[in-house]
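Subject: Model for your files, with notes on helix packing and a few backbone details

Dear colleague,

I am passing on the structure below, followed by notes on what was found in it. Please read them with the model open beside you.

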Amino acid sequence: MTERRKTWTAPTPDPVDGPLVGDDRPMLEGVLRWHRATLLNICAGADAEQLARRPFSHSTVSLLGLVRHLAKVERIWFRERLASMSFDPMYDAAMGKDSDFLGAVPSGAESDFARFAAECEASDVVAARYSFEDPVDFRGGPMSLRMVYVHMIGEYARHNGHADIIREQIDGVTGR
């Protein structure tokens, strides 16, 4: 009798709420936290193989690839651009600019989710040290930290839409 090895499964995140009235900073921070949790919720219950699956033959995008991509985006915007920190590439540079998607494999799912959580936490810690008016270098010109939040919310909104479609193609799950 062959024993089937259990694979890692994405956990369900805690619910996230944020203020609906008041100053813009707590609202934008809350919306970003909500989008992060939405991505994790779309992935919740999928196993490592499902997370790494690319349901569209012409695309490198997978749920795990999106988690990896957004971990990289968190680092770039908050720690590299805002805080001027330097890092080695997060993923295999030999794979090119799409290494976040191309390197998404089932065996790395658990550590990729942990990296995503760590990057989100690091982003929040770094951002808390700055004013919403502080400039962030963007293509040689200034962008406020406030606008970085708006950009990140848009980035997550777009990719969460992709994740919804991918999840539905993988196992029919919708409405997460």
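Arg-139 is exposed, with a relative accessible area of 78%, where exposed means over 50%, buried under 20% and partly exposed in between (1.4 Å probe, protein chains only). Its place is in the loop between S1 and strand S2 (141-144), and its phi is near 55°, a positive value in a residue other than glycine. Helices (H or I, at least four residues) and strands (E, at least two) are DSSP runs, numbered from the N terminus. This is a predicted model, in which local features need pLDDT of at least 70 and side-chain atom pairs count only at pLDDT 80 or more, while totals for chains, interfaces and linings use all residues. Residues are numbered from 1 along each chain as its sequence is written, and side-chain values use heavy atoms, with hydrogens and water left out.

Ser-84 also has a positive phi near 55° and is a residue other than glycine; Ser-84 lies in the loop between H3 and helix H4 (99-102) and is exposed, with a relative accessible area of 60%. In strand S1 (residues 135-138) lies Asp-137, which is partly exposed at a relative accessible area of 47%. The C-alpha atom of Asp-137 is separated by 6.1 Å from that of Arg-81, although the two residues are 56 apart along the chain.

Turning to the helix packing, helix H1 (residues 24-43) and helix H3 (residues 63-82) pack at an angle of about 160°, with their axes 10 Å apart; the axes are lines fitted to C-alpha atoms, for helices over the stretch in contact, and angles run from 0 to 180 degrees between N-to-C directions. H1 and H3 are therefore roughly antiparallel to each other, a term that applies to angles over 145 degrees. On the H1 side the contact (heavy atoms within 4.5 Å) is made by Leu-32, Arg-36, Leu-39, Ile-42 and Cys-43, and on the H3 side by Leu-63, Val-67, Leu-70, Glu-74 and Phe-78. These residues divide into eight nonpolar, no polar and two charged, with Ala, Val, Leu, Ile, Met, Phe, Trp, Tyr, Cys and Pro counted as nonpolar, Asp, Glu, Lys and Arg as charged, and the others, Gly among them, as polar.

H3 and H6 pack at an angle of about 175°, with their axes 10 Å apart, and are therefore roughly antiparallel to each other. The residues of their contact divide into 15 nonpolar, four polar and three charged. Helix H6 (residues 145-171) has 27 residues and reaches 38 Å from its first C-alpha to its last, close to the 39 Å expected, the expected span being 1.5 Å times one less than the number of residues. H6 is followed by Gly-172, whose phi is positive, near 80°.

The buried residues of H5, among them Phe-113, Phe-116, Glu-119 and Val-126, pack against H1, helix H2 (48-52), H3 and H6. Glu-119, found in helix H5 (residues 109-128), counts as buried at 4% relative accessibility. Leaving aside neighbours within four places in sequence, Glu-119 is in contact with Ala-71, Glu-74, Arg-75, Arg-79 and Met-90.

Notes: Parallel < 35°, antiparallel > 145°, perpendicular 65-115°, else oblique.
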